[in-house]
Amino acid sequence: MSIHLSHLMSPWARPLPAAPPWAEVEQVPPPCPVTLGDRLVCQVDDTSCGAAVLLMLNATGDPALGAHLDEHPEELDPRQRELKRAALAGSLGPLSWPAALGIPPWALAKAARFPGVDYHPRPFVDRGEEGRAVLNAVKNATNAGIPVPLYTGSDVRSGLGAAVPRHVVLAVPPPEPEPQPILTIYEPSRGMLHTVRLAELVNRSEPMDALGGWTHVVWALLPRPRKERHGR
């Protein structure tokens, strides 16, 4: 028997609509590199996967930033370091989150910038209907043009340290809405773009390259429409 740490946090989660049946997908494209200018877009160090995902998310929602980075790829590394520093500041209120653990889900959700939405961290277990419902929400968001950060990890069979979020990848929008039950995932440790069947992301038991070598998706940062703040 195995238990995800996220299962202990599931009371935080709001209900999601059940996922419809997923059609079988016979073939998916092979992985391909992600580049800006002449640079492979990778995380700058072992603990900057969240910063790399945050930079790609921000650039997806800001064409001017994307164009600037394409012309000045030398800025990728310093921008990642700055995003990580800013996201970690105040991530535990008056306390400091250890930089060696990367950016926690709630801090990345707060730092993410995409037009018209706010992000809300959702821990979940990738087994059964809960996993299908969350992944279906991710699929719907990307089809609407909104990227979604995903935290990956393992379970207690690999030790308690593996049961917490250990890596961050980004589900990215397709060029146009994709009817097939697949996700396109940017994996920052190798700077690769993977196409993955939704069915491959539930009830997993083996590591996956698209998840950075981890076995499970354990948190999703789901977008919700941004509430307008009216002044008094």
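T142 lies in helix α6, which spans residues 128–143 (helices being DSSP runs of H or I of at least four residues, and strands runs of E of at least two, numbered from the N terminus). The model is a predicted one, in which local features need pLDDT of at least 70 and side-chain atom pairs count only at pLDDT 80 or more, while totals for chains, interfaces and linings use all residues. Residues are numbered from 1 along each chain as its sequence is written, and side-chain values use heavy atoms, with hydrogens and water left out.

With a relative accessibility of 3%, T142 counts as buried (buried means under 20% relative accessible area, exposed over 50%, and partly exposed in between, with a 1.4 Å probe and protein chains only). Apart from its neighbours within four places in sequence, T142 is in contact with V148, A171, V172, P173, P174 and L183, where contact means heavy atoms within 4.5 Å. V172 is also among the residues in contact with Y186.

Turning to the sheet, seven strands form an open, antiparallel arrangement in the order β1-β8-β7-β6-β5-β9-β4, two strands being paired if DSSP finds at least two bridges between them. Strands β1 (32–33) and β4 (117–123) stand at the edges with a single partner strand each, so one side of each has no neighbour in the sheet. Within the sheet, β7 (residues 182–187) and β8 (residues 192–197) pair in the antiparallel sense over six bridges, and I182 stands opposite R197 in β8.

Elsewhere, L92 is placed in the loop between α4 (76–88) and α5 (105–111), and L92 is partly exposed, its relative accessible area being 33%.
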